[in-house]
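Hi,

Here is the structure I promised to pass on to you.

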Amino acid sequence: MRALILGGTSDASRLADALARARIDAVYSYGGRTQAPSGQPLPTRIGGFGGAGGLADYLRHERITHVVDATHPFAAEMSRNAVAACAATATPLIALERAPWRKAPGDRWIEVPDATAAVAALPEARSSIFLAIGRQHLAPFAARPQHAYTVRFVDPPDGPLPLPDAHVIVSRGPFTLEGDVALMRARSIGHVVARNAGGDGARAKIDAARELGLPVIMIARPELPERPRVVRIEEVLAWLGHDARLGA
Ligand code: NAP
């Protein structure tokens, strides 16, 4: 057996730890978007495969027997390519996918299907907007240049942003409720735009918005082809034919 983990998330890092402890032969793959990705306890490769065809070639060449898609829920292209490449090579595929956030009492969510709809949901009058969506996804917001945007990235931007009024915060987290409440107060945030990533690592901003009574324009996850999905690392180990307790 030789597994490929499509990674780039904290869940994928935890899975890599579990596989390393269980001595499962596996390769960890990063997309290469982050300048200094975290080290992994598994052999690691970085960068795209060259579409679904490139991934299929890689699976054959590296004799991969199992693929675990542990990418971010919004990494839709990679996930679609994994479905296609695994179908083409008859390689078993499973997705490790955390549950989306659910609206809690006190939340003021405006739920939208995509970034374009999020832009349309912004107010006409100038507001201070916390855009917690990643730097590759800012361009649609240029259609509403009247707002003061606060953006938070893992790495410093490598060029000018498409927004005329943007305050950049560079931080890898972890983010806390207290920290995000303080940030939103300091920046006089009126609206938060977020993608429904789920998980704990990014939810402080959602909790902070609830505490401050701020509306959150919540972008739904992209639709993906049907594939087996699990939410817990132990379920991936079981799928790989390994008892999680043996590797603990
Ligand atoms: P994407 O739009 O679905 O992927 C674009 C292309 O990047 C893919 O077609 C693939 O290139 C390459 N790629 C993506 N993930 C890869 C991986 N793990 N290994 C090798 N190649 C990969 O993905 P994205 O949204 O840009 O995300 C890129 C990476 O950042 C992913 O690993 C994801 O887990 C992580 N990440 C994303 C977000 C997010 O908000 N989207 C947040 C946190 C972490 P080829 O077609 O050339 O193979």
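Where is the place of Arg-23? Arg-23 sits in the loop that runs between helix H1 (10–21) and strand E2. Please keep in mind that this is a predicted model. Most residues other than glycine have a negative phi, and most peptide bonds are trans.

Gly-173 and Pro-174 are joined by a cis peptide bond, with omega about 0°. You will find Pro-174 in the loop between strand E9 (166–170) and helix H5 (177–186).

Now to the ligand, which I expect you will want to open up next. The shell around the ligand counts 23 residues, and the closest are Gly-7, Ser-29, Arg-33, Phe-49 and Arg-195. By type, the shell splits into twelve polar, seven nonpolar and four charged residues. Strand E2 (26–30) and helix H3 (76–89) each contribute at least two residues to the shell, and H3 gives the most, with four.

- Ser-29 has a side-chain N or O atom 2.7 Å from a nitrogen atom of the ligand.
- Tyr-30 has a backbone N or O atom 3.4 Å from a nitrogen atom of the ligand.
- Ala-76 has a backbone N or O atom 3.3 Å from an oxygen atom of the ligand.

As for cover, the ligand on its own has 810 Å² of accessible area, and the protein covers 81% of this.

Finally, the sheet. Six strands form an open sheet in the order E3-E2-E1-E4-E5-E12, and the pairing is parallel. At the edges are strand E3 (44–46) and strand E12 (229–230), each of which pairs on one side only. Further in, strand E1 (residues 3–6) and strand E4 (residues 66–69) run parallel to each other and pair over four bridges; there, Ile-5 stands opposite Val-68 in E4. Helix H2 (residues 51–61) packs on this sheet and touches E1, E2, E3 and E4. The direction of H2 makes about 150° with that of E1.

Best wishes

Methods:
Residues are numbered from 1 along each chain as its sequence is written. This is a predicted model: local features need pLDDT of at least 70, side-chain atom pairs count only at pLDDT 80 or more; totals for chains, interfaces and linings use all residues. Side-chain values use heavy atoms; hydrogens and water are left out. A residue is near a molecule or strand if one of its heavy atoms lies within 4 Å of it. A polar contact is a pair of N or O atoms within 3.5 Å; within protein, one must be able to donate a hydrogen and the other to accept it, and residues adjacent in sequence count only if both atoms are side-chain atoms. Accessible areas come from the Shrake-Rupley method with a 1.4 Å probe; for residues, only the protein chains shown count as cover. Ala, Val, Leu, Ile, Met, Phe, Trp, Tyr, Cys and Pro count as nonpolar, Asp, Glu, Lys and Arg as charged, and the others, Gly among them, as polar. Two strands pair if DSSP finds at least two bridges between them. Contact means heavy atoms within 4.5 Å. Axes are lines fitted to C-alpha atoms, for helices over the stretch in contact, and angles run from 0 to 180 degrees between N-to-C directions.
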